Every structure is written in structure tokens, then in C-alpha cells.
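Thanks, everyone. Let me put the structure up, and then I'll walk through it.

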Amino acid sequence: MRNLALALSLALSLGACSTAPSTEAPRLVAPILTSADALDTSTYARPQEARVTHVALDLELDFAGKAVRGTAMLDVLAQPGARQIVLDSDGLQIESITDTAGNPLVWSMGEAAGEKGAPLSITLGDARQVVIRYAANPQASALQWLAPEQTAGKVHPFLFSQGQAILNRSWIPTQDSPGIRQTWKARVVAPKPLDVVMSGILQGKPEELAGGKRAFRFAMDKPVAPYLIAIAAGDIDFRAIGPRTGVWAEPAMLDKAHAEVVETEAMVEAAESLYGPYRWGRYDMIVLPPAFPYGGMENPVMTFLTPTFIAGDRSLTGLVAHELAHSWSGNLVTNAVWGDGWLNEGVTSYFENRIVEEIYGAKRARQEVALDTMAIMETLAEVGVDAPGTALHQPDGTESAGSAIIYNKGAAFLRTLEQDVGRERFDAWLRQWFDKHAFQPATSAMIYEDLKANLAGSEDEAARLRLREWIYGPGLPANFAQPDPAAFAAIDAANAAYAASGDLPQGWRAWTSAERQRFLQNVPAERTAGELARLDETLGLSTTGNNEELFLWLRLALANRYEPAVPQAERFLSNVGRTKFVRPLFATLMGEGEWGQPIARRIYGQTRASYHTVTQRAVDRIVRAD
Ligand code: BES
Ligand code: ZN
């Protein structure tokens, strides 16, 4: 083992290294970036003075009280002379803070500032481990407690967490910044018959306790960004896919879930052959109840998924490819600050498409690229090609113009480079980027320098590839690789025919989902009730099992004040909490004046309580703003 002083100084400065309590295997300590562009203003932590390297949770889930309570023991690495460690807290109820011998430590909670929460400062003295006894607030923004009616089984309650971006401070007292990586372990007590899963590896069998409870143990021995600590608990079962892959879901959902994700092992293999070994051991997924506010969340070793991607024909499994790809881009190499979110999401969206190409072929991959490009164009048309929010790198405190930039422009950047330099060179570059920065944070400046040195090779070539413009400039640079114009040629012809003469397409059911989505997106915006009825009847839109298509139908129908769509929308909005669907449907209704606004208010009045904080916050801005 290294000597401790050396370990401390190295860990606080450059290379990753390890320190260890005497009885356990050495723990990895990831470095902290010290450049100005890596300074995270969403945290109160001052990691260069004192930082958390390991979190050990011992928690009990109280479904009746909607509370998580217990202890968090933190390992601290402090610079000589550092007196305090500062953590993030959003509403945590602190009972006591002690050293490991039980001696109280002096602590104070500062003033709270919205979502950022409050600084929790602990005076360390000689302590290098602190024990925090606490409870999370029943309203903790990261946690959603579902009533049995919100589950498929309708009998047992359900709990899941969502940490990204800065929500985990509402249930874990630690330094909640993506640049401050931590290893962790947890012991979690839950009532029978609920099972618990986490974004770490399950350790052994659950321990039977008195009172109809069980304790589950998990460990994550790789340093991860703290937003990636996640938990879910409910009446769930597991089914294996491959030797290291499997899926959890409620019993009533498990068959359908398993059938939809049965290609996951092949996806992991495809991803590995593209960009190097999968370094996390297992890759499991959990299909959550429909209240989950996102499509998916890349929690390490346990991707969280919405059930709304289950179409029965694996047509929306790009989602799985996406969350899997985050095992490299995001979880292995992580944006140090949220203004560089494209390093996670843009690189992942590119990688996702490469997996889709391997598994489903070039046609589907090219069509998905064309759909993504349409989304970029829509955003640019909306906010303007010069809008600063359309740059990939967002300086601290500024907001990007949305996911089409972070995700799709980010992916378009890498696709442009790939097509320019060729796949072989590009793939070699991306692989070494992941290898070199594995388990470490990164910034836009770092990827720029790396691209210049290891892909371009010279200043001139970097300028020719417009690297700077892509990362720091607005809009789409001139060398943007256009999507294949043939990708949707037949569909665009079908749209033109429909717009001109009302002829509906033949063979709709044999089309790919991307094709159907393309068609629906390009239906003329203004439709009469008669035209909508015919569309629905002929194409079976309101009864489709494909939620991306159902969403496009509902949006089109509501924008045209089509009464028969109101009960359909109401049913959808009562069941589904995915922000991506819910927010635009409420926005569409609110845009329809005296017709739509009362409908939006009435439905939201009934559904708001069933949504996750993330979705509530997004919809509150729309439905309450007037
Ligand atoms: N990491 C994101 C989800 C996320 C982003 C949570 C920002 C909180 C803040 C996840 O990987 C994601 O991108 N999900 C997408 C799916 C994807 C196929 C584009 C989603 O949820 O729609
Ligand atoms: Zn993502």
C-alpha cells in the first residue's frame, strides 16, 4: 500500500491512486480538476480543501412515513490545515454528526438557496471519518414514493430515486458534484416482500430481520459521480438476459420487459467491440412504473427505464443503447460541470447510434440520425442560429437551448469528425479518450485539447475541422455532416402526397417506427376534425402501443382542438409521468386559449400529485404561469 501522505497529495492533485483502511481492499480515489472551467457552482463543496472519497450508507426505508433514515459515514481526505468539510444538503434533517468513536462534531447548516439547497459544514478536528445520523425529507426531490395504485401490481408501494443533476443532496449528505467522485456502499432495510436494487453490486443474499424486514447490501468499488447513486424498491422480479445482463420489473411487466430488452447482451458486446471493455461487471436494468420522469437513467450497473419505451417490437430500444453507452460516456468519463453536459449526452447519443447500427443495421441508424437532425433544425429555427444557448459548452450559469443541442448537436459534432477522418481513426481516438480519462472528470477544454493532439494532430487541422467552432460557437458549423437524404425519401414523398391530395400512406404498419414518427411530425399543422378522424381511423393512431407515436398523435390532435383526443390525453397524462411527453402536451393545451387552458388546468389538478418533482417543476412553469 502507498504511504498515506503521498496518497493524499496525489489524490488532491493529479493522478488517481489508492488509500485504504487496513482491513479492506485499497479504495480508488479519483483526482479533482482544479482549472477554472471545472469549478462547479452547483455545489457548496470546496473539494480542494476537504473532500469525500467514500460514502457508507446504512438506511431504512419507511414507506408509511415516506422517509429514508439512518446514517451516512463519510471518508474524508483533507488538506493539511483544513478545518472543515462542506457538504450539500437539500432538506436533510440532521440528528447528529460524530466521529467514529461517537464524539460529537460541531456542524452548521447554512441558508438554503432553491434547488441548490444549503451548505452543511462540519468541523473536522482530527476526524477523517464522519458519521451523520439523518433523515431525508418526505418531499425529497430525488425520491418518488408511489402509492400501490401507481404500480402495475396495485398491491405494494414503490420507491425510486433520480439523482441527476443535483437532486441526490435531498437524500444523501455528501458532496454532490459530478467532479467529486466517490466509492460507496450501502445497507438498506426494506419491508417484505419488497426487493431493493441500487446502482451498485448486490452483496450476497438479503439478511432476514425481525418485524418482516430484510437488509440488502450493495457496493460500488469504482469512484463514481454522486449523482449516480440510485435506489429503487418495490415488488419486483429479475430475469436474466445474458451472463452479465438482466432485467428487473414488476411481475406483471416482466415478460414484456424481458422481450423488449432481450438484445441487451448483444448490445454490450457491440459497445465493447467499438470502444473497449465494459468495466462495471454486471449490466442490469429495471423497468419502473410509468411515473418515472425520464426515458432512462444510466445508473451504473442498474439502468433505470420508463415502461413507455416498451412498444412490443423493440422499435424504441435506442433508449437501452443510449443508457448502456453512458457506461463509457458519462459514467466512466464524466462532465466535471453541468455546463459541459454535452460530454455526457452528446458523446452518448453518438455512441448510441453506433450501437443501433450494429444491432439493427444501417437503415434504422441513419433514420434515427435524420430524426435527430430535424430536432436540431427545429431548435435553431426557434431560438436562432446565433443564440449562445446553441453552443455545446455552456459557460457557468448559462442554459443551453435544450436537449437537441446537448444531445443531437453533440452527436452531430462527432459524426462530422467521423465522416471527415474516417471511422477507423475516429474510433481509435474515442477509445483512447475513454481509456485515458476512465473514472475521471472532464471538461470541454480537455476534449478540445485531446481532439487537437490525438485526432487532428496540428493547429491547422484542428481549424479545418472547426473544433473550436463546434464546441464553443452557436449554430451548426459549415462542415456539419448532413444526414443521408435517402433516409426518409419515401416517407417525405408520402407526406407530400398526403398534403397535396389527402391520400394516406399504404403499408403504414410495415414502416419502421422512425418512419411513422417522421410522417406524423410532418403532417400539416392545421387539420380539421374530419381529417383527424380519418388519420386516426386509417392509421390506428390513438390505439397504437408505441408511445412516441401516440404522443405525436395526441399533440397534433390537441393542437387542433380535436375533442375525441381529450379523454385519450387525459388517460395518458394520468398514467405517464415522463417529462418529455407530459410537458409538451400541457404546453399544447395551454397554447389553445379558452379551449385548451381549462382542460390543462383540470387534468393537471388531478395528475400533479402523481408526478415526480422533476415533472412537476417543468409543468408548473407552463400551467401555473399566467
Ligand atoms: N442522463 C439522462 C437523463 C437525464 C438528463 C436526467 C438530464 C437528468 C438530467 C439519460 O441518459 C437520457 O438522456 N435519457 C433520455 C433518453 C435518450 C434516449 C435520449 C430520456 O430520458 O429521454
Ligand atoms: Zn443520456
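I'll go through the domains, one interface, the ligand, some contacts and a few backbone details.

First, a caveat. This is a predicted model. Please keep that in mind for every distance I quote.

Start with the layout. The protein chain splits into four pieces: domain 1 at 2-228, domain 2 at 236-327, domain 3 at 333-349 + 358-472, and domain 4 at 525-623.

I'll focus on domain 2 and domain 3. Their C-alpha centres are 24 Å apart. On the domain 2 side, 21 residues make contact, and they meet 17 residues of domain 3. Together the two domains bury about 1,500 Å², with 57% of that on carbon and sulfur atoms. Which residues of domain 2 lose the most area to domain 3? They are Y275, R279 and H322, which together account for 42% of what that side buries.

R279 and D435 meet through their side chains in a salt bridge, 2.6 Å from N to O. Ten residue pairs are in polar contact across the interface of domain 2 and domain 3, both partners at pLDDT 80 or more.

Which helices build the domain 2 side? Two of them, α3 (264-275) and α4 (318-325), each supply at least two residues to the side that touches domain 3. Helix α3 gives the most, with seven residues. By class, that side of domain 2 has nine nonpolar, seven polar and five charged residues.

On to the ligand. Ligand 1 is surrounded by 14 residues, and the closest are Q164, G295, E298, E323 and Y407. Q164 puts a polar side-chain atom 2.7 Å from a nitrogen atom of ligand 1. E345 has a polar side-chain atom 2.9 Å from a nitrogen atom of ligand 1. G296 uses its backbone: an N or O atom there lies 3.3 Å from an oxygen atom of ligand 1.

Stay with Q164 for a moment. The peptide bond from Q164 to A165 is cis, with omega near -5°. A165 sits in the loop between β11 and β12.

There is another cis bond to show you. It runs from K192 to P193, with omega near 5°. P193 is placed in the loop between β12 and β13 (195-198).

One more backbone point. R314 is not a glycine, yet its phi is positive, about 60°. R314 lies in the loop between β22 (302-305) and α4. Why flag these spots? Because most residues other than glycine have a negative phi, and most peptide bonds are trans.

Back to salt bridges, this time over the whole structure. The search finds 39. Take D88 and R169: their side chains meet at 3.9 Å, N to O. D88 is in strand β5 (residues 84-89) and R169 is in the loop between β11 (158-161) and β12 (182-191), so this pair ties together parts 81 residues apart in sequence.

K222 lies in strand β16 (residues 213-224). The K222 side chain makes a polar contact with the side chain of D221, at 3.1 Å. Beyond neighbours within four places in sequence, K222 is in contact with Q182, T183, R279, W280 and F439. R279 is the residue that pairs with D435 in the salt bridge.

That's my tour. Over to you.

Key: Residues numbered from 1 in each chain as written. Chains lettered and ligands numbered in written order. Predicted model: local features only at pLDDT ≥ 70, side-chain atom pairs only at ≥ 80, totals over all residues. Heavy atoms only, no water. Domains from an automatic or database assignment. Contact = heavy atoms within 4.5 Å. Buried area = accessible area lost by both parts, 1.4 Å probe. Salt bridge = Lys/Arg side-chain N within 4 Å of Asp/Glu carboxyl O. Polar contact = N/O pair within 3.5 Å; in protein donor to acceptor, adjacent residues only side chain to side chain. Helix = DSSP H or I, 4+ residues; strand = E, 2+ residues; numbered from the N terminus. Nonpolar A, V, L, I, M, F, W, Y, C, P; charged D, E, K, R; others polar. Near = heavy atom within 4 Å.
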